[in-house]
Amino acid sequence: MKISLFWLTVVIALVIGTGAVRSEMMKETKAALAQKLRADFDNLEQFEKVVAEAKSAGAPEQTLLEARLIFCFKNGMVDSFADLFPRFEALKDWKDADSPFFKERYQLDAVLHMAKGIVAAQRDDSAAFEREMKDAFWIDPKIAPSVADRIIAFRDKQLMRKVVLPMDLVFTTSKGEKTTLAELAKGQKALLIDFWASWCSPCMALMGELRKRAEQLGPSGIRVVGMNTESDLGIAEKVRTDKKMTMAWLVEPAELPLSRLLKVDSIPRTVLVTPDGKIAFSGHPNDPELDAALAAFGTSPKNPQVSKK
């Protein structure tokens with residue numbers, strides 16, 4: 001009888017130990033999957049591959065949805081938000097153990113409200129945008145910086161709609177030649193003006209991408225123009241030759257008429273202008289909304305930074 005009890009004890013210990021090991025392995029697997037889903041992906045295909053792996057490994061629907069939400073945020077995939085909202089609403093219970101991105105449920109709710117606000121902004125629904133952004137801030141005040149950025153961008157976008165550039169304004173190229181925006185826009189669908197300065201490290205770092213963008217967009221009828229804000233022909237020409245820039249390379253007058261009109265208070269700044277001087281986009285050159293604005297002109301640009309999608 002004692003022997004039977006002994007072996008029974010051994011068996012129970014082994015079972016408990018095996019279960020503990022299995023539980024620990026599951027925790028490690030879940031942690032590894034979460035780490036993979038939090039990565040910065042180069043493109044949509046790469047993301048979908050990791051999601052498929054996670055799903056096959058038994059990752060919860062909540063985990064996969066959160067990963068998709070964050071991926072869409074990072075890559076400006078606003079059109080994908082609408083499909084995610086009902087799927088989040090269908091989740092019966094939110095579990096912190098299944099969340100690789102949020103410690104508390106309210107943090108997820110705040111991000112969802114912000115996403116709804118972004119969709120409203122895309123529809124130009126000011127009332128819905130205001131409501132969703134207020135809700136996002138109220139639910140999680142720590143999200144305030146991101147909410148503020150979205151509000152500022154939305155207001156700037158509304159202001160830019162009232163701006164019409166003087167297309168006949170004369171500019172000097174880095175080679176000393178005279179031209180106007182109207183001349184540059186002749187026969188084009190739009191001008192993509194990039195404001196830059198030699199002292200601006202981010203501007204200089206993006207010169208290679210600007211050159212590629214000019215090559216990609218040219219055949220589509222979008223002419224890329226460089227606009228130096230230092231009012232110095234020598235500096236502008238040196239950068240043009242050093243960086244092998246072949247597009248129109250302008251130098252803004254000392255009065256900075258365009259910068260003032262467009263409220264360019266930070267660079268790099270990219271502005272998409274129609275031939276009649278209307279503003280189709282104004283923002284950072286790597287803003288995902290630029291791709292959407294360019295697509296409206298029938299182009300299919302690949303933003304080197306954003307077209308991870």
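A search of the whole structure, which is a predicted model, finds 13 salt bridges, a salt bridge being a side-chain nitrogen of Lys or Arg within 4 Å of a carboxyl oxygen of Asp or Glu. Local features in this predicted model need pLDDT of at least 70 and side-chain atom pairs count only at pLDDT 80 or more, whereas totals for chains, interfaces and linings use all residues. Residues are numbered from 1 along each chain as its sequence is written, and side-chain values use heavy atoms, with hydrogens and water left out.

One of these salt bridges brings together the side chains of R87 and D83, at 3.4 Å from N to O. R87 and D83 are separated by about one helical turn because they stand 4 residues apart in helix α4 (residues 81-89), where helices (H or I, at least four residues) and strands (E, at least two) are DSSP runs, numbered from the N terminus. R87 is partly exposed at 32% relative accessibility, and D83 is likewise partly exposed, with a relative accessible area of 47%; here buried means under 20% relative accessible area, exposed over 50%, and partly exposed in between (1.4 Å probe, protein chains only).

Another salt bridge links E132 and R131, whose closest N and O atoms are 4.0 Å apart. E132 is buried, with a relative accessible area of 11%, while R131 counts as partly exposed at 45%. Elsewhere, salt bridges that share partners join E61, D83 and R87 into one network.

The side chains of R123 and D125 meet in a salt bridge of 3.7 Å, N to O, with R123 exposed at a relative accessible area of 53% and D125 partly exposed at 28%. In the loop between α5 (105-122) and α6 (126-139) lies D124, a residue other than glycine whose phi is positive, near 65 degrees, and whose relative accessible area of 37% makes it partly exposed. A positive phi, near 55 degrees, is also found at S231, again a residue other than glycine; S231 belongs to the loop between β4 (222-228) and α11 (233-242) and is partly exposed at 31% relative accessibility.

The structure holds 1 disulfide, that is, a pair of cysteine sulfur atoms within 2.5 Å. The partners are C200 and C203, with their sulfur atoms 2.4 Å apart, and the link is right-handed, with 75 degrees about the S-S bond. Both cysteines, C200 and C203, are buried.

C203 also takes part in lining the largest cavity, together with D194, L206, M207, E209, L210, R213, P268, P285 and N286. A cavity is a set of points, on a 1 Å grid over the protein atoms alone, where a 1.4 Å probe fits but cannot get out, and lining residues have an atom within 4 Å of a point. The count comes to 1 cavity of 30 Å³ or more, and the largest cavity has a volume of about 90 Å³, a volume being the space filled by probe spheres set on the points, which are joined across faces, edges and corners. Helix α10 (residues 207-217) supplies the largest share of this lining, 4 residues.

P268, one of the lining residues, is joined to I267 by a cis peptide bond with omega of about 5 degrees, and P268 is found in the loop between α12 (257-261) and β6 (269-273).

Definitions and conventions:
On a 1 Å grid over the protein atoms alone, a cavity is a set of points where a 1.4 Å probe fits but cannot get out, and a pocket is an open set with protein on both sides within 12 Å along at least five of seven lines; lining residues have an atom within 4 Å of a point.
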